[in-house]
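Look over the sequence and the structure before reading on.

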Amino acid sequence: MNPFTYAVPADVDAAVVDIAEGRAKFVAGGTNLLDLMKENLMHPMRLVDISRLALDGIEESDEGGLRLGALARNADTAYHPLVRERYPLLSSAILAGASPQIRNMATNGGNLLQRTRCYYFYDAGAPCNKREPGSGCPAIGGLNRIHAILGASEHCIATHPSDMCVALAALDATVQVQSTRGVRPIPFADFHRLPEDRPEDDTTLAADELITHIDLPDAARFAAHSAYLKLRDRASYAFALVSVAAALDLADDGTVREVRVALGGVAHKPWRLPQAESLLVGAPANAETFAQLADALLRDARGQGDNAFKIPLARRAIVRALEVAAAGTVTNEGESAHDSSEGTRA
């Protein structure tokens, strides 16, 4: 691990001044950044510890939604009464991720900024365009079972690892950030980016910007019909091969008024196509129409050899998640925020 200096700012204004000095990184829970530093994959010259800032609240917004503090812990967010009641999709997605110990440490803002879990990215001896732009992507033509089937480029086929972010994409969240230039909102759909020719840039967040809050719009219409389905190699503490965040607003006659579907484990960012969702409006909520949406979402999917199985797997997962959501939301009742059991998948 490289030498670094350490700062503990007193407030947000001081924090954004500290980070503007360059070669600095914010640290809060540290569940990803510190691992990357230990593996000699990231080399900040200065760590700005924001864990003491007053950004850990979860409260109702003036617009009828919910504001999640960037420093609220994942576990506290998942088990918050307002999250469980109004946004059960988000609660289920968080509880499907990592382990209870990590969820007790990881922050909401840090969850958004996780780096890819590509084998080659984590191997300092291998070339990787995310670590060293222009060095190549050995996952293309190499070991790529866990890699992207959507939105990939010739420079990178890695996937974003977060479960929480898949639900936030489906819920149309907004990320609030601050720097010395002021504050700005970033629609969640624009926060993460596809690799294109700059795979080293995972997000549209500037290096000197601090995530302060995540705003959720009112989603009461989806609370009764949502599901998070995560398909992985083992039942806990594993990243998704494919995950689906599904939410439905159903009319009394069983037809679809509105649908949201976001996919994880398949692209460099949570994958959502609102234009495809519009195909279901007014249609019956059944397997046939859900399959049509799945086909539209996966129209541009391309396998890389070892990961080609993800395409039919994702299609079945989309249909299944929507069927579960149509039958009624499944919650994680009976668990506590600090227990040792892994959250259920839907």
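Which residues lie nearest the centre of the second largest pocket? In this predicted model, they are Phe188, Ala189, Lys269, Pro270 and Arg272.

**The pocket**
- The second largest pocket holds about 260 Å³ of space.
- Its lining is made up of 14 residues.
- Sorted by class, that lining has nine nonpolar, two polar and three charged residues.

**The helix pair**
- Two packed helices are described by the angle between their axes and the distance between the axes.
- Helix H11 spans residues 287-297 and helix H12 spans residues 310-327; their axes come within 9 Å and cross at roughly 135 degrees.
- H11 is therefore oblique to H12.
- The crossing of H11 and H12 is right-handed.

**The helix contact**
- On the H11 side, the residues that meet H12 are Ala287, Phe290, Ala291, Leu293, Ala294, Asp295 and Leu297.
- On the H12 side, they are Arg315, Ile318, Val319, Leu322, Glu323 and Ala326.
- By class, the contact of H11 with H12 has 10 nonpolar, no polar and three charged residues.

Technical notes. Residues are numbered from 1 along each chain as its sequence is written. This is a predicted model: local features need pLDDT of at least 70, side-chain atom pairs count only at pLDDT 80 or more; totals for chains, interfaces and linings use all residues. Side-chain values use heavy atoms; hydrogens and water are left out. Axes are lines fitted to C-alpha atoms, for helices over the stretch in contact, and angles run from 0 to 180 degrees between N-to-C directions. Helices (H or I, at least four residues) and strands (E, at least two) are DSSP runs, numbered from the N terminus. Angles under 35 degrees count as roughly parallel, over 145 as roughly antiparallel, 65 to 115 as roughly perpendicular and the rest as oblique. A crossing is left-handed if the near helix is turned anticlockwise from the far one by less than a right angle, and right-handed if clockwise. Contact means heavy atoms within 4.5 Å. Ala, Val, Leu, Ile, Met, Phe, Trp, Tyr, Cys and Pro count as nonpolar, Asp, Glu, Lys and Arg as charged, and the others, Gly among them, as polar. On a 1 Å grid over the protein atoms alone, a cavity is a set of points where a 1.4 Å probe fits but cannot get out, and a pocket is an open set with protein on both sides within 12 Å along at least five of seven lines; lining residues have an atom within 4 Å of a point. Grid points are joined across faces, edges and corners, and a volume is the space filled by probe spheres set on the points.
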